[in-house]
Amino acid sequence: MNELMDSRKYVKVKCDWESNIDKMDINDCVVVRLLPPEHETLEFDIIRLIEDTNCYCMNFIKPEDVNDLIVNISCDSEHLINTIFVCSEAKIIELFGKTGEYVSTHIAYYSKELKDFPMNNHSILIEGTECSLKFEQLNKPDFVWIYGVLIYLTEAKQSSNTSVGPINMENVQHLLNPESLTSNASKLLSTLSFRDPKLNTNEFLNTLLKNIETSKLPDSSNKDELMLHYFKLFEKKVEDKLNHITLQLNGFENNIELLNKKFDTLLSALHEKNKL
């Protein structure tokens, strides 16, 4: 038996649909266990889960002001959600990430009927601290049975650097002083110039370094100004590149949103087809 954990202490589960049992909610369907260090295949036996734990089978009713059945799950900062097993009437469960982004769709890997009650098992891999589960293809659009939810947690790896240590504010102010900018740029480009240009694939940076190295200016102040000029050019080049990447990411987000809408339309069509 895997180690049982206090579900309400380590995991928060929320659902807008109302249970049919007074003073009970979705949390009473949830069992939390710590993932064993060495495991091959995790097993999910809903009957055994109900018999061995305080897991309750409950049905939920859709309120008038709520549409989809969505279960939000989050865990404490010391753990990560590894795997979620769900047994319910839903044939399909969609997984959404921490910020509400669509992640994946899961079809029941095992289905059976027990005294005319459909039971569909889902296994969902998470590896995160927060997620949302959207239940699809219910027998009734405003009523659903959830027989049990089993959540496996893993301990989050703590960073060895728990503190960055004291900060010397005088040094920070010195570095941010405009009068120090020229010398700081000079030090940066001087450090970069020690690298073998053949090993650097950035042609723009190589050109800057080459121009600085070939500049024979006796006046050190003019040379600092030249270095600062090239440094600003390099900074502008990096900024343009980052802006270009941002535009690309925005394009990807729009494409993903479009695909999600098409997928939702497909699921709705399949749902309507199953009703016929």
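A nonpolar patch, as I use the term, joins nonpolar side chains (Val, Leu, Ile, Met, Phe, Trp, Tyr) within 5 Å, each residue having over 30% relative accessible area and no salt bridge. A salt bridge puts a side-chain nitrogen of Lys or Arg within 4 Å of a carboxyl oxygen of Asp or Glu. Areas come from the Shrake-Rupley method with a 1.4 Å probe, and only the protein chains shown count as cover for residues.

This is a predicted model, where local features need pLDDT of at least 70 and side-chain atom pairs pLDDT 80 or more, while totals for chains, interfaces and linings use all residues. Residues are numbered from 1 along each chain as its sequence is written, and side-chain values use heavy atoms, without hydrogens and water.

**Surface patch.** I found Val238, Leu242, Ile245, Leu249, Phe252 and Ile256 in one nonpolar surface patch, with about 530 Å² of accessible area together. I placed Phe252 in helix α6, residues 220-275 (helices are DSSP runs of H or I, at least four residues; strands are runs of E, at least two; both are numbered from the N terminus). Phe252 is partly exposed at 48% relative accessibility (buried is under 20%, exposed over 50%, partly exposed in between).

**Cores.** I looked up the largest nonpolar core, which has 32 residues (buried Ala, Val, Leu, Ile, Met, Phe, Trp, Tyr and Cys joined through side-chain atoms within 4.5 Å). Ile73, Ile84, Leu133, Phe135 and Ile151 touch the most other members. Strand β13 gives the most to this core, 5 residues. Another core, of 14 residues, lies apart from it and includes Phe44 and Ile46.

**Thr154.** I placed Thr154 in β13, residues 143-155. Thr154 is buried at 18%.

Terms used:
Buried means under 20% relative accessible area, exposed over 50%, partly exposed in between (1.4 Å probe, protein chains only). Patches are made of residues with over 30% relative accessible area and no salt bridge: like charges are joined within 9 Å, nonpolar side chains (Val, Leu, Ile, Met, Phe, Trp, Tyr) within 5 Å.
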